[in-house]
Amino acid sequence: MRDCDCSAGHTGIAIVIGVSGTIGKAVSEHLSAMGVFEAVIGLSRSGSDPLDLLSEDSIAHSAEQIAKSGKALRLIFDATGFLHGDGVNPEKTWRDLNPLAMAHAFAINAIGPALLMKHFLPRLPRRGRSVFATLSAKVGSIGDNKLGGWYSYRASKAALNQLVRTASIELARTHPDAICVALHPGTVASRLSDPFRKDGLDVVSPDEAAARLVNVVSSLDVSASGQFLDYRGCPLPW
């Protein structure tokens with residue numbers, strides 16, 4: 001893997017949102033070890049200054065605090081997401097649909113990242129390369145859906161993809177060098193994926209997943225903005 005060029009040199013900072021999760025923690029550690037940013041700041045709802053996707057006030061506060069540092073914000077990596085937990089599991093059939101569970105999936109997987117874009121994208125530098133990358137999922141692809149099921153997760157990630165596409169268009173009007181993308185990380189060994197692993201499924205370690213994702217982010221140019229890409233940097237069908 002070639003050296004990361006995410007920061008356009010040894011200037012600016014990176015933030016990783018969802019750093020308490022498996023992928024977010026690994027990405028933060030990977031970026032810190034590479035030393036290409038002045039600082040790598042991890043944010044999560046369990047941090048000392050919490051960022052909670054269910055609280056717009058906390059998102060706005062975090063964005064304001066980052067801006068007060070006076071450092072150019074060159075990378076925003078959103079590693080948040082919700083698939084299962086608290087008695088909620090992916091639906092196997094429409095008989096499993098529950099409006100509260102669906103609302104929660106959309107709140108974390110679509111509305112939360114949209115609010116991150118609302119409050120953080122305007123704080124990217126007007127000139128010079130910068131990236132906003134958010135974790136989507138291949139199962140959010142409508143064109144690739146051959147198996148059905150997983151209604152809430154699929155639909156909320158598809159919504160996220162549309163939000164990224166729409167935000168990239170607006171972002172380009174004021175930040176012509178900025179890039180806004182949705183990334184599919186593959187299947188990563190974690191508590192999130194453990195219940196759904198199958199024989200023959202390509203499962204990678206968090207460290208390997210982080211390296212692949214950072215490599216993709218480092219290789220993007222502005223023509224990639226608004227795209228839905230996998231961990232190799234290849235476009236996925238909408």
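**Ground rules.** I number residues from 1 along each chain as its sequence is written, and I leave out hydrogens and water, using heavy atoms for side-chain values. As the model is predicted, local features need pLDDT of at least 70 and side-chain atom pairs count only at pLDDT 80 or more, while totals for chains, interfaces and linings use all residues.

**Cysteines.** I looked for disulfides (pairs of cysteine sulfur atoms within 2.5 Å) and the count was 0. For burial I took under 20% relative accessible area as buried, over 50% as exposed and in between as partly exposed (1.4 Å probe, protein chains only). C180 is buried at 0%, and C234 is partly exposed at 34%.

**Aromatic rings.** I searched the whole structure and found 2 aromatic pairs. Rings of Phe, Tyr and Trp (its six-membered ring) pair if their centres lie within 6.5 Å; planes under 30 degrees apart are stacked, over 60 edge-to-face and the rest tilted. W150 and Y153 have ring centres 6.1 Å apart and planes at 75°, so I noted this pair as edge-to-face. W150 is partly exposed at 24% relative accessible area, whereas Y153 is buried at 12%.

**A charge over a ring.** My rule here wants NZ of Lys or CZ of Arg within 6 Å of the ring centre and within 35 degrees of the ring normal. R212 lies over the face of Y231, 3.7 Å from the ring centre.

**Cavity.** On a 1 Å grid over the protein atoms alone, a cavity is a set of points where a 1.4 Å probe fits but cannot get out; lining residues have an atom within 4 Å of a point. W150 and Y153 turned up again here, among the residues lining the largest cavity.

Methods: 1 Å grid on protein atoms, 1.4 Å probe; cavity = no way out; pocket = protein on both sides within 12 Å on 5 of 7 lines; lining within 4 Å.
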